[in-house]
Amino acid sequence: MEIREELLRRTAETERIIYAYLPAEEGYQRTIMEAMNYSVKAGGKRLRPMLMLETYRLFGGKSKVIEPFMAAIEMIHTYSLVHDDLPAMDNDEYRRGKKTTHAVYGEALGILAGDALLNYAYETAALAFEMETDPAGVGRALAVLARKAGIYGMVGGQTVDVQSEGTSDMTREKLDFIYRLKTGALIEASMVIGAILAGATRNEQKVMEETAAAVGLAFQIQDDILDITSTQEVLGKPVGSDERNHKNTYVTFEGMEQAKRDVEEISNRALERLDSLVVKNEFLTELIRYLICRDR
Ligand code: GRG
């Protein structure tokens, strides 16, 4: 399988699904829809919905019930980036090679667009109830989505991250906590939801959660590495932001060479966990392998 070509095809497929669930730009409040759609359509790797769909396929899922959840996870991910870029947080002007939402629409609309995307994500995911004969699975998937995005997931991780900035009391244990929640939680949600909706057993859901946790950790360490080694042209956002914001990262603790080795080692752990299942999905395996050496 030529992974780069396949990835382009799958990204286009994923985008078609996400775009179908974006709101129409109409009414007195149409600017909020425009800002939401601008943020989602700005690009991005679509990694989370792609991991969700491939996990769903891994366990034999065949219906369209996964689609509103794919759109929902990308909306939540996008809201987190829109808010992360705000002046009160990282104050970034560029993301995915384009002006950030608040830079185009102003700070108030930036805040509202993030809020709107988060709320619309649940409105969208709830559409799955009308598509499924087993509403209990949809309910469980919705509960996972809500929990992993909230104070026991992404928002919790971001809180500790923001409060640790510029302080000297960062430890490896706290850093692991931040990475597991801030980055790992949405990736875990993606893969666990794919498994739940396809009817995977509790044990299979657990294996996917562990696989996703390792993918999320390796992904975040690679993000730290790229912030030092990449360029704005390649990443589509300013590099060197961790150093500018006096952030302790995995690279600060372990050094660049060890960090690179760990990305590989942790990714291999994810692959081993995945391989312990009877079911197989070649593209999912290749995707995780590809993430080890991703350059953006
Ligand atoms: C504001 C509640 C709140 C949370 C923000 C996700 C996040 C938490 C902050 C963004 C900054 C950051 C480096 C987060 C770590 C996760 C990460 C690497 C996000 C970028 O994800 P990609 O690379 O982005 O998948 P694209 O643009 O490809 O979608």
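This is a predicted model: local features need pLDDT of at least 70, side-chain atom pairs count only at pLDDT 80 or more; totals for chains, interfaces and linings use all residues.
1. The ligand is surrounded by 17 residues. Lys45, Arg48, His77, Arg96 and Gln220 are the closest of them. By type, the shell around the ligand holds four nonpolar, seven polar and six charged residues.

2. A polar side-chain atom of His77 is 2.7 Å from an oxygen atom of the ligand. For Arg48, a polar side-chain atom lies 2.8 Å from a ligand oxygen, and for Arg96 the corresponding distance to a ligand oxygen is also 2.8 Å. The ligand taken alone exposes 700 Å², and the protein buries 92% of that.

3. Which helices each supply at least two residues of the shell around the ligand? They are α4 (66–84), α8 (154–164), α9 (172–197) and α10 (202–229). The most comes from α4, which gives six residues to the shell.

4. Helix α3, its length. Helix α3 covers residues 47–58, twelve residues in all. From its first C-alpha to its last it reaches 16 Å, close to the 16 Å expected at 1.5 Å a residue. After α3 comes Gly60, which has a positive phi, near 85 degrees.

5. Is α3 largely enclosed or largely open, and why? Eleven of its twelve residues are buried, so α3 is largely enclosed by the rest of the structure. The buried residues include Leu47, Pro49, Met50, Leu51, Met52 and Leu53, and also Glu54, Thr55, Tyr56 and Leu58. Arg48 is buried as well; Arg48 is also one of the residues closest to the ligand. The cover over the buried residues of α3 includes α1 (3–20), α4, α9, α10, α14 (256–275) and α15 (282–292). Among these, α4, α9 and α10 also each supply at least two residues of the ligand shell.

6. Val160. Val160 sits in helix α8, one of the helices that contribute to the shell around the ligand. Apart from neighbours within four places in sequence, Val160 is in contact with Lys174, Phe177 and Ile178. Met70 is 90 residues from Val160 in sequence, and their C-alpha atoms are 27 Å apart in space.

7. Asn37. Asn37 belongs to helix α2, residues 30–41. Is Asn37 buried or exposed? Asn37 has a relative accessible area of 5%, and a residue under 20% is called buried, so Asn37 is buried. With neighbours within four places in sequence left aside, Asn37 is in contact with Leu22, Pro23 and Glu25.

8. Thr124. Thr124 is part of helix α6, residues 107–125. Thr124 has 2% relative accessibility and therefore counts as buried. The side chain of Thr124 reaches the backbone oxygen of Tyr120 at 2.6 Å. Which residues does Thr124 contact, leaving aside neighbours within four places in sequence? They are Tyr21, Pro68, Ala71 and Met75.

9. Thr124 and Pro23. Thr124 and Pro23 are 101 residues apart along the chain, with 9.8 Å between their C-alpha atoms. Pro23 is also one of the residues in contact with Asn37.

Conventions:
Residues are numbered from 1 along each chain as its sequence is written. Side-chain values use heavy atoms; hydrogens and water are left out. A residue is near a molecule or strand if one of its heavy atoms lies within 4 Å of it. A polar contact is a pair of N or O atoms within 3.5 Å; within protein, one must be able to donate a hydrogen and the other to accept it, and residues adjacent in sequence count only if both atoms are side-chain atoms. Accessible areas come from the Shrake-Rupley method with a 1.4 Å probe; for residues, only the protein chains shown count as cover. Helices (H or I, at least four residues) and strands (E, at least two) are DSSP runs, numbered from the N terminus. Ala, Val, Leu, Ile, Met, Phe, Trp, Tyr, Cys and Pro count as nonpolar, Asp, Glu, Lys and Arg as charged, and the others, Gly among them, as polar. The expected span of a helix is 1.5 Å times one less than its number of residues. Buried means under 20% relative accessible area, exposed over 50%, partly exposed in between (1.4 Å probe, protein chains only). Contact means heavy atoms within 4.5 Å.
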